[in-house]
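Have the sequence and the 3D view open as you read.

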Amino acid sequence: MGLDPGRIARDRGVDLREWPPRYDAAYRPGAEEQFWLPEVERADPEERDQLILAKLRGQVRWAWDRSPFYRRKWQEAGVSPDTLRTLRDLSRFPVVQKSELRSEQAAHPPFGDYLCVDRSEVARIHGTSGTTGRPTVFGIARADWARIAEAHARILWAAGIRPRDTVMICSFFSLYMGSWGALIGVERLGATAFPFGAGVQGQTLMGVQWAREMKPTAFYGTPSYALHFAETARREGIDPRNLGIRTLVFSGEPGAGIPATKKLIEETYGGACIDMGSTAEMSPWMTDGECAARAGMHLWQDLVYTEVCDPKSFQPVPYGAEGTPVYTHLERTSQPMIRFVAGDLTRWTGAPCACGRTYPRLPQGIYGRIDDMFIVRGENIYPSAIEDVLRASPGFGGEFRVIISRRESMDELLVRVELAPGQDPASLEPQLRERLQARLGVRPRLDLVPQGTLPRTEFKAKRVIDDRDLYRKGLQGS
């Protein structure tokens, strides 16, 4: 099947000969079709790369002409749109860090001087909460929002969502982009949106009751919230499998890519656990998205071009190597990100997927963040590794916390673990400690507590507490 832009425009209502592409909002595949845009999704990668390069040139030229931020940055690095002759040339362009965006917005409020449209064209304002510093503001043009809907619909289609589905969206409807992205994608592909939300006291119990009545066939939220939702259902005497949810789509946490967590969610609900992700700056956030084959997230390269790069040099690494995703918009007019560093960790492959799509994949998903990794006695440890061990262990009660401290100049790793009812701590503790030590390379201390002791979350779980600074400050003050 050739990648003929004229034929695609005629048959699919997508004109890829223009930049940005023009989409027919009335187009939708037949419900039994596997692909939303098969000519692109199944294309020979080298042939698709020519389409990507054309879109990339349009995007870079747009940013150069309209953004003082990019023009300054690229001139200092000695690059320009004329530098971009092949996809490999993109690696010569400097990366963009989150700290730069905050600085630019502080200097040129509110959107920074990388807003490439007139302020009057901004249709939506979203952003980060700013809990760890100055919030980042996202200004999204109306035309961009429509293209985001197209991208989300296409990727949700690959996950198995169809117009006959009812999708229960259980995450915050606020500045957070994930909920809104899921909503517009569901609406664009023609499914029934059930935007229930999350975060209000008592809402989870109410959500279980609504789910029992409405029988949604799909669910969107974070993995930790889905498990909390299931616990709440069981307390009400409701088996989560009887809710009728056959597809569960997740973002916001690495849990859906952790094998033991994925297996637990699928066993809990009797449905497929689909891992999605990216970062809010790169909306559409589902630029990393699993298909129904569930063999790791595809990188939808013709929507947002992704390089997996060395975390220090930001040069692309070969397939099979670990690195950090560096993302580049290909269809964004309002606040385009060109080589944005997300700070995540992953490993990519070019091996074929059973679904027939020819995109690169992240077979282990996004399994950590550079800033989430902590070092204990010389070992690099990721919270996702601890979660994988615990959720695969019989007797685990559903929640845990990691406390890192320092005693007599030595790091101590304490893992507080809930146990399921009826479990004997004395017999389980040696098994858990041995499994964790084998995986982490560090012997942890364990604190086994009854199920329900640790708080649940309605958003992203925060499970790591690093108290080593208290020790350092104590030494400085003594």
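What follows is a short tour of the spaces, the surface, the backbone and the charged pairs of this predicted model.

The largest cavity holds about 90 Å³ of space.

To find that cavity in the viewer, pick out its lining: Asp144, Arg147, Ile148, Ala151, Ser283, Pro284, Leu303, Val304, His329, Glu331 and Arg332. Helix 6, which covers residues 142-158, gives the most to this lining, with four residues. By class, the lining of the largest cavity splits into five nonpolar, two polar and four charged residues.

## An open pocket

Next come the pockets, which unlike cavities are open. The second largest pocket has a volume of about 640 Å³. Its lining is made up of 31 residues, and Asp49, Leu87, Gln301, Tyr305 and Tyr319 are the ones that lie nearest the centre.

Which helix gives the most to the lining of the second largest pocket? That's helix 3, with seven residues. Helix 3 runs over 45-66, and strand 12 (304-309) also supplies at least two residues of this lining. Sorted by class, the lining of the second largest pocket has 16 nonpolar, seven polar and eight charged residues.

Met214 belongs to helix 8, residues 203-214. Met214 counts as partly exposed because its relative accessibility is 45%, which falls between the 20% and 50% limits.

Move along to Lys215, in the loop between helix 8 and strand 7 (218-221). Lys215 isn't a glycine, yet it has a positive phi of about 50°. Is Lys215 buried, partly exposed or exposed? With a relative accessibility of 41%, Lys215 counts as partly exposed.

You'll find Arg294 in the loop between strand 10 (288-289) and strand 11 (297-299). Arg294 is partly exposed, at 35% relative accessible area.

Now for cis peptide bonds. One joins Trp19 and Pro20, with omega at about -10°; Pro20 sits in the loop between strand 1 (14-15) and strand 2 (22-23). Another cis bond runs from Pro109 to Pro110, with omega near -5°. Pro110 is in the loop between helix 5 (98-107) and strand 3 (122-127).

## Charged pairs

Side chains of opposite charge can pair when their charged atoms come close. The structure holds 33 salt bridges, and a few of them are worth a visit.

Start with Arg7 and Asp11, whose closest N and O atoms are 3.4 Å apart. Both residues lie in helix 1 (residues 5-12), four residues apart, which is about one turn of the helix. Arg7 is partly exposed at 39% relative accessibility, and Asp11 is partly exposed at 39% as well.

Arg61 is partly exposed at 35% relative accessible area, while Asp82, at 53% relative accessibility, counts as exposed.

Arg357 and Glu41 meet through their side chains in a salt bridge of 2.8 Å, N to O. This pair links distant parts of the chain, 316 residues apart: Arg357 is in the loop between strand 15 (344-347) and strand 16 (361-362), and Glu41 is in helix 2 (residues 38-41).

The last stop is a network of salt bridges that links Glu387, Arg391, Glu399, Arg401 and Arg463.

Terms used: Residues numbered from 1 in each chain as written. Predicted model: local features only at pLDDT ≥ 70, side-chain atom pairs only at ≥ 80, totals over all residues. Heavy atoms only, no water. 1 Å grid on protein atoms, 1.4 Å probe; cavity = no way out; pocket = protein on both sides within 12 Å on 5 of 7 lines; lining within 4 Å. Points joined across faces, edges and corners; volume = space filled by probe spheres on them. Nonpolar A, V, L, I, M, F, W, Y, C, P; charged D, E, K, R; others polar. Buried < 20%, exposed > 50% of the residue type's maximum accessible area, 1.4 Å probe, protein only. Salt bridge = Lys/Arg side-chain N within 4 Å of Asp/Glu carboxyl O.
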